[in-house]
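Let's take a walk through this one together. Keep the sequence and the coordinates open side by side while you read.

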Amino acid sequence: MDTLVENRAEIWEGFRLTLWMLLVSGILATVLGTVLASFRVSPVGSLRAIGTSYVNVFRNTPLVIILVLSAAFWPTVGLNSIGVLGYSTFVTFAVLGLSVYTAAFVCEAVRSGINSVATGQAEAARSVGMTFTQSLRLVILPQALRAVIPPLTSIYIALAKNTSVAAIVGVPEAAYVMRRLSNKFTSDVYAIFLGIALGYVIIVLVLSGLLQLAERRLAVAR
Amino acid sequence: MSAVLFDVPGPQAQRRARIGAAVAAVLATVLVGLVLWKLAAEGEFESELWEDLRQPNIARAIGQGLTSTLSAAASAIVLSVAFGAVLAVARLSDHRVFRIPAVIVIEFFRAVPLLLLIMFVFFGFSNLFSDYWSLVLALMLYNGSVLAEVFRAGVNAVPRGQSEAAYAIGMRKSQVMGSVLLPQAVTIMLPAIISQCVVVLKDTALGVIIAYGDLVFQANLIAESVNHTIVPLALAALIFIVINYSLSRLATWLERRFAERGRGGAGGTGTADLQLDPVRGGAGD
């Protein structure tokens with residue numbers, strides 16, 4: 001217990017980094033995933049193929065590999081130093097890795113959301129003369145996004161837990177702090193684990209609470 | 001195609017779609033080509049690298065890594081199913097003594113990152129469990145908890161009439177569960193269990209944190225020895241993709257088969273009531 005109190009500054013720093021990665025890669029993954037989902041439902045064959053291959057590749061690869069490859073890939077193609085808001089470059093690489101991985105899951109959630117919209121809605125939109133983009137933007141996506149909040153909630157929760165994998169590529173977030181403290185204070189492993197685990201449990205609970213709130217707020221009678 | 005978004009396209013729309021497809025295909029090819037060209041220009045595909053990779057000890061290392069990955073995943077999935085079944089039965093129990101601890105265990109292990117569990121078992125019981133068992137037990141705790149919820153959903157998806165009929169002919173609670181509900185639930189849940197295998201297989205890669213010699217660990221070693229990261233790790237990724245993609249296809253196929261049988265069978269088994277997404281409920285772990 002004392003170990004946790006004595007190292008609270010380091011633990012807090014770790015969780016701040018965890019939350020930062022969760023926020024940024026959550027936003028990036030949502031944007032990229034939605035774009036990919038629109039590829040997967042488009043009438044253009046090669047876009048569908050691109051979306052499908054993206055999903056199959058990134059969903060079936062372990063996150064660790066993606067993070068290690070991300071750290072090696074970006075510098076090779078010329079992105080050497082992209083620290084954002086004082087966070088170091090390798091945090092950014094981890095965030096990019098987390099984003100491309102999570103985007104595959106977001107894509108599938110959004111796609112099934114789009115498919116859950118009743119056919120009549122789109123038929124009505126088309127019959128009043130809306131184009132493909134109009135019917136998607138004004139009629140289908142607003143409904144699909146509501147249907148998509150529950151699966152997105154579990155994706156964001158998984159993302160919150162997945163940020164811990166960045167510890168493997170040396171990002172000093174909460175799981176990394178746990179490993180460091182466990183190595184340093186071997187007699188206190190149980191307290192350290194429970195303390196850090198509690199932090200993650202709180203993040204997960206707050207996240208699912210917020211998204212449930214959003215779900216209820218956005219709910220419309222259909 | 002999804003009829004939600006567009007009608008059956010006419011000749012003009014078909015032509016436009018074909019042009020769009022060609023443009024998108026060209027753009028994508030150019031983009032991928034540029035990336036590959038840049039990687040080649042940076043010397044990621046040098047001929048020495050391929051000579052290094054053709055050495056027999058590299059193949060042996062990959063084989064060893066793959067064996068370690070598969071054996072850890074196999075033990076983990078068997079133990080997870082068993083642990084998940086126990087948790088699910090406890091969760092569905094009428095007695096609070098069983099139900100409440102099961103809920104706590106399930107919710108806790110689902111909320112804590114697997115990486116933390118692996119490190120905890122490894123560091124916390126270092127004199128008890130090897131790296132292999134630390135990984136397998138951590139995988140069991142997490143995936144068992146996930147599967148417990150899958151099992152619960154599966155049992156609840158069996159139509160109520162089934163258990164009512166079983167009670168009506170005088171079966172006991174354990175008989176109703178054992179010989180009526182579970183056999184039907186297992187059929188419904190099989191695709192979800194296979195999808196969970198994909199998750200387990202991917203998650204064995206987290207063993208690198210405790211230096212378990214799995215595929216990713218070996219690929220990292222190779223990457224260090226040949227001084228190139230991208231090709232060896234992409235190779236490891238490819239192996240994972242092939243295995244996991246096949247498993248996902250198997251899950252989808254089984255699900256479709258059960259759905260057809262459910263429709264064809266007398267009264268239906270209620271397969272359609274259960275929204276078990278083949279796209280892994282765990283979403284992203």
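A quick definition before anything else: a residue counts as buried if 20 or more other C-beta atoms lie within 10 Å of its own, as exposed if 12 or fewer do, and as partly exposed in between, with the C-beta atoms placed from the backbone. What you have here is a predicted model, in which local features need pLDDT of at least 70 and side-chain atom pairs count only at pLDDT 80 or more, while totals for chains, interfaces and linings use all residues. Residues are numbered from 1 along each chain as its sequence is written, and chains are lettered from A and ligands numbered from 1 in the order in which they are written.

Start with chain A. It has 9 helices and 0 strands, where helices (H or I, at least four residues) and strands (E, at least two) are DSSP runs numbered from the N terminus. The C-alpha trace of chain A spans about 70 × 45 × 30 Å along its principal axes. Of its 222 residues, 48% count as buried. Among the contacts in chain A with a separation of 6 or more, 75% come from residues 24 or more positions apart; two residues are in contact if their C-beta atoms, placed from the backbone, lie within 7 Å.

Now for some helix packing. Two packed helices are described by the angle between their axes and the distance between the axes. The axes are lines fitted to C-alpha atoms, for helices over the stretch in contact, and the angles run from 0 to 180 degrees between N-to-C directions. Angles under 35 degrees count as roughly parallel, over 145 as roughly antiparallel, 65 to 115 as roughly perpendicular and the rest as oblique.

Look at α8(A), residues 174-184, beside α9(A), residues 189-218: their axes come within 10 Å and cross at roughly 170°. The two helices are therefore roughly antiparallel to each other. On the α8(A) side the contact is made by Ala174(A), Met178(A), Leu181(A) and Ser182(A), and on the α9(A) side by Val189(A), Ile192(A), Phe193(A), Ile196(A) and Gly199(A). Sorted by class, that gives 7 nonpolar, 2 polar and no charged residues. For the classes, Ala, Val, Leu, Ile, Met, Phe, Trp, Tyr, Cys and Pro count as nonpolar, Asp, Glu, Lys and Arg as charged, and the others, Gly among them, as polar.

Helix α8(A) also packs against α2(A), residues 8-40, with axes that come within 7 Å and cross at roughly 150°. That makes α2(A) roughly antiparallel to α8(A). Here Glu10(A), Ile11(A), Gly14(A), Phe15(A) and Thr18(A) of α2(A) meet Ala174(A), Tyr176(A) and Val177(A) of α8(A). This contact has 5 nonpolar, 2 polar and 1 charged residues.

Further along helix α2 of chain A you'll find Ala29(A). Is this residue buried or exposed? Ala29(A) counts as buried because it has 26 C-beta neighbours inside 10 Å. Setting aside neighbours within four places in sequence, Ala29(A) touches Ser99(A), Thr102(A), Ala103(A), Val106(A) and Leu159(A).

Over to chain B, whose secondary structure comes to 10 helices and 0 strands. Of its 285 residues, 40% count as buried. Ala211(B) is worth a stop: it has a positive phi of about 60° although it is not a glycine. Most residues other than glycine have a negative phi, and most peptide bonds are trans. Ala211(B) sits in the loop between α8 (173-203) and α9 (215-226) of chain B, and it counts as exposed because it has 10 C-beta neighbours inside 10 Å.

How do the chains meet? The contact takes 48 residues from chain B and 55 from chain A. On the chain B side, α1 (11-41), α5 (114-124) and α10 (230-264) each supply at least two residues. That side divides into 35 nonpolar, 7 polar and 6 charged residues.

Finally, confidence. The predictor gives the complex an ipTM of 0.84 and a pTM of 0.84. Chain B averages a pLDDT (the predictor's confidence in each residue, from 0 to 100) of 82, and 88% of the residues score at least 70. Over residues 264-284 of chain B, though, the pLDDT is below 50. Where pLDDT is low, the predicted coordinates should not be read in detail.
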